[in-house]
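Hello,

Please find below the structure I promised to hand over. My notes on it follow.

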Amino acid sequence: MGSNNSSLANASKDEPLLKFVGADEIAANSEFWRDFLSSVGSTTNSSSLMNFEEADKSLFKDLKKNNSCSHNIPNLIQFLISKMSELMGSPDICEDTILIVQNGLLILRLSVKYLMEHCNESRFFSHFCITSTEDMHCLSVLECLFPVLFKLLTNLPIQDNTYLLHCEAHLLCIVLLSRQMYKELSAPLPEVYVSVVWGKCAPLAPALVYRLLSNFAENRPVPAHLHGIEQYNLIWRAASSIAGGLLTIVTFGGYFSRSTNNSVKSDTLNNPHITIVEPVKTNPSTDLLTSESNIKSNEQCHLLSNVSSLLLLILTTQAGSIEKTISTYSESGTKESNSNGRNPYRTTLFSLQDEVNQKNQIDPIMDTTPLLPKSTPRLQPGGATLNGHLNIVTQSSSPQVNFTAICDTAASTLSQDSSPLLLYLLVHRNTNFHSFIMQDRGYEKLLPPLLNILYKSQSHNSHLVYMALILLLIFTENEQFGRDIHTTDIKWVQWSANRRLSNVSYGSLTVLVLCRTIQYHLNQLKDKYLHVNILATLANLSPRITKLHPHACDTLVNLLQLLIKRHNKTVDVLRKMSDDNQSQSVAEITKLLSNMPLISSNTEEEMVQELTLLEEVIRMLLEIINSILTHTMVSNPDLIYSLLYKKDSFAPLRSHPSFQSVLQNIDIVLTHFSKKIECELGPQPTQPQEVMQVIIKHIGNTQRSCNLKKFPDLKFKYVEEESPDEFFIPYVWSVVRRQSGIHFKSESLLLFSTAHQNTHNTNENDEINGDNETALNNGATDHDQVLV
């Protein structure tokens with residue numbers, strides 16, 4: 001078999017390869033293509049094709065130099081078009097033709113990727129023209145290739161012998177569309193998108209979206225005969241490398257792995273005899289374990305499901321970019337027009353119907369009635385704005401897919417970025433899918449893995465955490481969702497290594513996880529949108545919170561206490577800095593700040609900004625507690641107990657004008673119960689159970705006798721901003737780079753040059769200060785303490 005080095009050496013001497021990259025033209029109908037692409041693995045020399053991409057780059061350089069006169073790339077495309085048409089037109093699938101097409105698509109993908117990395121746009125497209133020209137609009141070969149590829153994906157049955165052919169066809173589409181990464185975000189779409197969006201492919205959009213989404217939902221595993229065997233066939237070798245690379249990422253810690261993992265991935269890809277293996281499951285002790293559901297959100301999409309979801313995201317997240325390209329489309333003179341200027345793939349995705357339950361009713365919460373500006377938070381995942389601007393009207397002729405299967409696959413793969421992204425597009429923009437989730441309680445499958453992502457937020461990239469939060473926020477807009485999750489109990493939850501909680505509702509668990517997420521990310525207080533998303537979700541739940549678990553009550557009040565303590569220390573430091581401003585040096589002030597573990601800012605200006613944010617978060621938490629007291633106090637005696645136990649924490653806020661109005665109800669309730677407890681148990685009660693009995697005894701009449709002030713209901717609605725592309729397009733392509741197994745040279749990519757952001761899972765931000773570490777991990781509860 002030889003070593004990898006000898007194989008690489010053979011690749012640069014292989015006669016068929018040298019002829020393909022040479023200056024002599026090979027006609028599209030030449031027998032060379034059949035011999036070249038069907039003989040892989042049968043001779044020693046042809047086995048060097050298995051290392052084509054890893055071989056001496058002189059092969060690609062020769063191809064780039066000679067293709068302008070040889071036209072071998074467009075001739076290969078024409079040959080493949082004829083063979084793919086032959087596959088689709090024959091009642092019997094020919095194994096030899098499958099092999100030829102597989103190998104040809106792989107050779108084409110590798111060639112396209114190299115040209116894309118080493119040519120400007122006009123030069124790149126000139127390689128696909130039959131005549132010698134650098135005219136950007138000469139796309140006749142690609143215009144013919146995409147429709148045939150799309151028809152192949154939609155019409156060719158997915159079987160064991162066609163599985164890898166489908167995968168390679170998906171990957172070729174992804175590579176061709178990846179031209180977008182080589183342009184700045186503000187630029188119009190690459191010319192190749194004109195063919196895909198407005199050309200002959202546009203009528204194929206419904207069938208293609210249906211097939212891609214069905215592939216994702218079915219999540220077919222790699223065929224059994226491809227496991228555990230040495231891959232001598234070119235396409236099997238290539239697909240194994242792709243799968244091996246993808247699964248290596250999964251196995252060694254996901255996309256957020258450190259540099260040491262990259263070396264492992266590289267070693268795996270360079271192994272000449274890769275076998276397809278199943279992903280290694282993450283240690284379950286790191287997950288949020290419950291009695292009711294074994295959370296499987298750490299599973300990964302299988303190869304075909306993965307590449308299908310990636311291609312679907314690329315096609316459906318193009319929104320504002322379509323408008324920028326209208327002028328390009330007009331100049332191109334494309335005959336097949338999509339006259340309304342919309343993205344047909346996006347339109348199709350947003351109008352899909354459930355094939356099992358065809359429901360045409362629109363969920364009441366999906367109305368477009370504007371809310372008061374004050375009650376609508378600006379939510380910007382990743383610091384960029386989100387907005388889709390299509391108003392899709394569902395038609396009875398819309399494609400029908402299995403919504404239940406989509407939910408099942410999404411729920412089990414939510415830790416893989418592509419799944420929550422796809423789920424977000426469906427939940428937020430497809431009214432049929434949203435109604436299905438709410439009316440058929442599809443959220444019951446999705447809520448546990450979403451909470452698991454937040455529970456493990458330090459282990460995930462920030463974008464994934466944002467998407468999980470936004471999905472939760474959208475769910476909480478539905479009042480029935482808020483009621484249901486507080487009446488659905490879990491026997492036990494393994495909250496930490498030292499504590500197992502019993503008889504917890506999904507509502508209480510949601511409150512626990514959200515409060516825990518805020519506590520874990522206090523060092524990221526400047527990340528305003530993280531906390532706004534969490535607080536908006538809690539606020540939407542607050543009027544319907546019932547029977548809140550004692551540990552959830554303590555966690556909510558402890559969070560408020562921690563923020564008040566941080567607020568007080570920040571005020572003290574600012575006051576001291578102001579008093580001693582003339583006498584203290586910058587070094588002394590820095591030293592003072594370093595001794596304050598709750599203070600994360602380094603300058604006075606940053607501290608003033610942090611103080612403002614702290615006040616906003618504290619006020620929001622007080623409003624949430626107010627909402628619970630005014631709507632569901634009777635069913636939340638444990639919250640009264642927690643507030644009584646921490647009542648001294650509120651003292652510093654009473655003199656602050658920003659908090660006086662929202663503290664009024666809380667003070668009235670605390671004063672009322674303090675008098676009742678003192679009257680029946682004395683000034684210093686000794687038994688927590690007796691205190692709870694007094695609270696339960698009098699809680700039914702408290703709201704009427706205390707005459708609590710009514711505040712406007714807290715209702716937050718997720719609203720996309722006007723530029724979805726600023727967030728979605730860089731995010732989607734970053735997911736493609738991580739999940740596709742295709743190595744794109746980062747130095748050539750302009751899309752991310754101005755969109756680079758620091759991740760939030762560094763060691764510095766992962767540190768938890770001593771004040772909240774105990775509350776998070778040891779599970780101590782104030783309900784075991786006696787009120788003093």
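**Notes on the structure**

Leu-311 sits in helix α14 (residues 303-316). Helices here are DSSP runs of H or I with at least four residues, strands are runs of E with at least two, and both are numbered from the N terminus. This is a predicted model, in which local features need pLDDT of at least 70, side-chain atom pairs count only at pLDDT 80 or more, and totals for chains, interfaces and linings use all residues. Residues are numbered from 1 along each chain as its sequence is written, and side-chain values use heavy atoms, with hydrogens and water left out.

**Helix α14**

Leu-311 has 0% relative accessibility, so it counts as buried. Buried means under 20% relative accessible area, exposed means over 50%, and partly exposed is in between (1.4 Å probe, protein chains only). Leaving aside neighbours within four places in sequence, Leu-311 is in contact with Leu-153, His-170, Cys-173, Ile-174, Leu-177 and Leu-212. Contact means heavy atoms within 4.5 Å. Leu-171 is 140 residues away from Leu-311 along the chain, yet their C-alpha atoms are separated by 8.2 Å.

Ser-309 also lies in α14. Ser-309 is buried, at a relative accessible area of 0%. Its contacts are Phe-216 and Ser-418, not counting residues up to four places away in sequence.

**The chain as a whole**

The protein chain has 33 helices and 5 strands. Of its 788 residues, 59% count as buried. Take the contacts with a separation of 6 or more: 81% of them join residues 24 or more positions apart.

**Cores**

The largest nonpolar core has 211 residues. Such a core is a set of buried Ala, Val, Leu, Ile, Met, Phe, Trp, Tyr and Cys residues joined through side-chain atoms within 4.5 Å. Phe-150, Leu-213, Ile-437, Leu-509, Leu-622, Ile-695 and Trp-733 have the most contacts inside it. Domain 1 (15-242 + 300-331 + 340-345) and domain 2 (441-578 + 602-705) both give residues to this core, so it lies between them. The domain bounds come from an automatic or database domain assignment.

A second, separate core has 5 residues, among them Val-573, Leu-574, Met-577 and Leu-611.

Phe-150 touches Cys-173, Val-196, Cys-201, Leu-204, Leu-208 and Tyr-345, with residues up to four places away in sequence not counted.

**A helix pair**

Look next at α18 (residues 418-429) and α19 (residues 431-439). Their axes come within 5 Å and cross at roughly 95°. Axes are lines fitted to C-alpha atoms, for helices over the stretch in contact, and angles run from 0 to 180 degrees between N-to-C directions. The two helices are therefore roughly perpendicular to each other (65 to 115 degrees; under 35 is roughly parallel, over 145 roughly antiparallel, the rest oblique). From α18, Leu-423, Leu-426, Val-427 and Arg-429 make the contact; from α19, Thr-431, Phe-433, His-434 and Ile-437 do.

**Two positive phi values**

Most residues other than glycine have a negative phi. His-71 is not a glycine, yet its phi is positive, about 55°. His-71 is in the loop between α4 (58-70) and α5 (72-89). Its relative accessible area is 11%, so His-71 is buried.

Asn-503 is not a glycine either, and has a positive phi of about 50°. Asn-503 is in strand β5 (residues 499-505). At 61% relative accessibility, Asn-503 counts as exposed.

Best wishes
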